[in-house]
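Here is a briefing on a protein structure. Please look at the sequence and the 3D view before reading on.

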There are 2 protein chains.
Amino acid sequence: MKERGIAVWEKYVRKVTPYVPGEQPENNNILKLNTNENPYPPSSYVKKAMEEISDEQLRLYPDPRAGLLVKAIANHYGLKEEQIFPGVGSDDVLAMCFLTFFQSEKPIFFPDITYSFYEVWANLYRIPYEKKPLGEKFQIYPKDYFGENGGIIFPNPNAPTGIFLPLKEVEEIVEKNKDVIVIIDEAYIDFGGQTALPLVEKYDNLLVVHTFSKSRAMAGARIGFAMGDPKLIHYLNDVKFSFNSYTLGISSLIAGAKAMEDNGYFFKTTEKIKNTREWTKRELKKLGFSFPDSMGNFVFASHEKYRAEDIFIHLKENNIYVRHFQQPKVDNYLRITIGTKDQMEKLMDCLDQFIR
Amino acid sequence: MKERGIAVWEKYVRKVTPYVPGEQPENNNILKLNTNENPYPPSSYVKKAMEEISDEQLRLYPDPRAGLLVKAIANHYGLKEEQIFPGVGSDDVLAMCFLTFFQSEKPIFFPDITYSFYEVWANLYRIPYEKKPLGEKFQIYPKDYFGENGGIIFPNPNAPTGIFLPLKEVEEIVEKNKDVIVIIDEAYIDFGGQTALPLVEKYDNLLVVHTFSKSRAMAGARIGFAMGDPKLIHYLNDVKFSFNSYTLGISSLIAGAKAMEDNGYFFKTTEKIKNTREWTKRELKKLGFSFPDSMGNFVFASHEKYRAEDIFIHLKENNIYVRHFQQPKVDNYLRITIGTKDQMEKLMDCLDQFIR
C-alpha cells in the first residue's frame with residue numbers, strides 16, 4: 001500500500017541522523033592524521049595471537065562473557081572481573097550505557113563541544129539532552145553539571161579539544177550527581193591525563209570507559225570496555241545479553257587479552273606519542289597556531305591568519321588528512337592526530353609551505 | 001541518595017530479562033551438540049586470511065561499510081552492494097532491524113515457539129508483540145499473520161523445530177503485509193530449505209537475514225547480514241551508524257569475504273551435514289523418537305517413553321551436550337545439533353544405552 005507515493009511501512013521506521021566518522025581512504029600514500037589512530041603497530045603479541053587462532057575456535061561460538069579478555073583487563077587494573085564490561089569498541093560500550101542507564105525524563109548533560117556521537121545516541125534512543133556550553137577557552141565548568149539531570153557524560157580529556165579536567169573536578173561532578181549515572185569517556189586518558197578509575201571503588205554511580213583503538217593501536221580489532229560498580233556492570237550485561245549474546249569475536253577476545261599483557265610496549269609507545277605531541281605543539285606555535293593544551297594523541301589547532309578550511313584543503317591536496325568539523329565555534333580549528341616524529345615533520349613542512 | 005536503601009539511579013535503568021545462550025563449556029572432551037555449530041572447520045581460506053592480516057590493518061579503523069565483505073556477499077548472491085547490510089552475527093543484524101523497523105503502536109507477530117531472542121528484543125525496545133501459536137505439529141499457519149500488525153518475523157526453517165515453510169506460503173505472508181516490514185530469518189536455510197531471496201526484488205518490505213555461524217562454520221567470527229531493498233538497507237545503515245560506526249573488525253571483514261569465495265567447500269560440508277541429518281533421523285526413529293522433519297542442522301526430538309529432561313541429564317553425564325528448553329509445549333523435546341557421522345554414532349550409542 002502506498003500513501004502519496006510513500007510506502008506505509010516508512011511511517012514505522014526509526015529515522016535518525018547518523019554519526020559521520022572520519023574518512024578511511026584506501027590510498028596507501030596518504031598520511032592519515034584524521035581519526036586519532038596510533039602511528040605505531042599493536043604489540044607484537046597481537047599478530048602472534050591472531051596467527052594461533054584455530055579452526056576449532058573459529059567454528060565455535062566465542063565465550064559470550066569474553067572471560068579471557070575481561071580477566072586480562074581486571075588483572076591489569078587491579079579490579080574484579082565483575083567490574084568490567086567489554087564491547088565492540090568503546091562506541092558499542094557507550095551505546096549500551098545510553099540504552100541501559102539514561103532512561104529518565106530529565107535531560108542528560110554533556111558539553112556542547114565534545115564527541116559528537118553523544119548527541120547521536122541520545123537521538124537514536126529518544127533520550128532528552130542538554131548541551132552545556134564550554135567556556136571561551138573550551139573549558140568545562142563543573143558547576144554546569146550540578147543541576148537536575150538524567151545522567152552525565154563527557155570525555156576526559158575532552159574531544160576534540162584535548163583539554164583534561166583535573167580529577168578533583170571530575171570527582172566533584174560525580175559527587176554532586178549520586179542519583180544518576182556519570183560516564184567518563186577516557187578514550188584518550190593514556191596519553192597523559194589521570195584516570196578516574198580509583199573513584200569507581202568510591203562511587204557506585206560512576207562508569208569509566210576505555211578503548212583499545214587509541215593507546216593500544218588496535219582500532220581494527222574493535223575493543224572497548226567500561227569499568228564500574230558490579231551492579232552497573234550487571235545491568236549493562238543484562239542489556240547486552242538482550243541485544244547480542246556474542247559481541248566480541250574470538251580474534252578480538254584473544255588478541256585483546258594478549259595485548260593487555262604487553263605493558264612495556266604500551267608504556268614505550270604512549271611515551272613516544274606524548275613526546276611527539278609536545279614537539280608538535282612547539283612547532284605549531286612557531287608557525288602561528290594556537291591550541292588548547294591537549295593531553296590526547298591529537299592537537300586542536302587554529303591559525304591566527306589562515307582559515308582552517310583552507311589549510312585543510314591544502315593539506316588534503318598534499319595527501320595529508322586531518323579532521324575539520326564544519327560546526328559552529330570549532331569550524332576554524334583542525335584536529336590533528338599525533339603520528340610518528342617523521343610524520344609530524346612532514347606535516348610541518350607542508351604547513352610551512354602554505355603559511356609562507 | 002538512597003530511597004529505602006535503593007540508589008535513585010536504579011529507577012532510570014532499563015530493566016530486561018536477557019536471552020540465555022546455550023552453554024559454551026571449556027572442557028574439550030565434551031561432544032557439543034547444543035548450539036547448532038558446524039562440526040566441520042571453516043574454509044581453509046579463513047585461517048589463511050587471518051594469518052595475513054597486517055599490523056597496519058589492526059592499527060587502523062576498519063572500513064565502516066565493510067565494503068570487502070559486502071561486495072563478496074553481493075557477488076555470491078548476484079545482488080547489488082546496496083542490498084546488503086552486514087553485522088556482528090545475525091543477532092546484531094536482527095537487533096538493528098527491530099530497532100529500525102518495528103516502531104508501530106501495533107504489535108509485531110511471531111510464532112509462540114521460535115527463536116526466543118525475538119521476544120527479548122521486543123522487550124528490550126518496548127515493542128508490542130503478539131505470539132501466534134503453532135499448530136499441533138508445530139506448523140506455522142500463514143493466515144495467522146494476515147491481521148493488522150506492526151511487522152512480522154519468523155525463522156525459515158523455524159527454530160527449534162526445523163520445519164520449513166514452503167516459499168509460496170512465505171510469499172503469501174509478505175504479499176499480505178506490504179504495509180509493514182517482514183523479516184525472514186534464514187539462519188538455517190543452507191541445510192535444505194529454499195531461500196526467499198528471489199522475493200527481495202519483488203517486495204520492498206522484505207528482509208532476508210543470513211549468518212556465517214552455521215553453514216559457514218564461523219560462529220567465532222561473528223558475521224551475519226540482511227538482504228533487501230536498497231531503501232531498507234539505507235535505513236538500517238542510518239541506525240547502525242547512529243549506534244557504532246565500526247561494528248565489524250578487520251579479521252571478520254577479511255576472513256568473511258574470503259570464506260564467501262570458497263563455494264566448493266561450502267557445498268561439500270553442507271551436503272555432508274544434510275546426509276548425516278537424514279541418517280540421524282532414521283536412527284532416532286528406530287530408538288522410539290519422533291520429531292518434525294527438520295531442514296536445519298539439528299533435529300527437535302521427543303521420546304515416546306522417556307522424559308526429555310532425563311535423557312538430557314543422561315547425555316550430559318556422558319559429556320554429550322544437547323539443548324533442552326524448559327518452556328511450555330516444548331519441554332519434552334531435545335534440540336540436537338547435527339555433528340559429524342562419528343559424533344552422531346556416539347550420540348546414538350549413548351541414547352541406546354539409556355533406552356535399553
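The points below cover a sheet, a core and a pocket.

This is a predicted model: local features need pLDDT of at least 70, side-chain atom pairs count only at pLDDT 80 or more, and totals for chains, interfaces and linings use all residues. Residues are numbered from 1 along each chain as its sequence is written, chains are lettered from A in the order in which they are written, and side-chain values use heavy atoms, without hydrogens and water.

**Sheet**
- An open, antiparallel sheet of 3 strands in chain A has the order β11-β12-β14 (strands are DSSP runs of E, at least two residues; helices are runs of H or I, at least four; both are numbered from the N terminus; strands pair if DSSP finds at least two bridges between them).
- Its edge strands are β11 (289-290) and β14 (334-337) of chain A.
- In chain A, 2 bridges join β11 to β12 (residues 298-303).
- A:Ser290 stands opposite A:Ser302 in β12(A).

**Core**
- The largest nonpolar core has 76 residues (buried Ala, Val, Leu, Ile, Met, Phe, Trp, Tyr and Cys joined through side-chain atoms within 4.5 Å; buried means under 20% relative accessible area with a 1.4 Å probe, protein chains only).
- Among those with the most contacts inside the core are A:Phe98 and B:Phe98.

**Pocket**
- The largest pocket holds about 1300 Å³ of space (an open set of points on a 1 Å grid over the protein atoms alone, where a 1.4 Å probe fits, with protein on both sides within 12 Å along at least five of seven lines; lining residues have an atom within 4 Å of a point; points are joined across faces, edges and corners, and volume is the space filled by probe spheres set on them).
- Its lining has 48 residues, with A:Glu26 and B:Asp63 among those nearest the centre.
- α7(B) gives the most to this lining, with 5 residues.

Methods:
Buried < 20%, exposed > 50% of the residue type's maximum accessible area, 1.4 Å probe, protein only.
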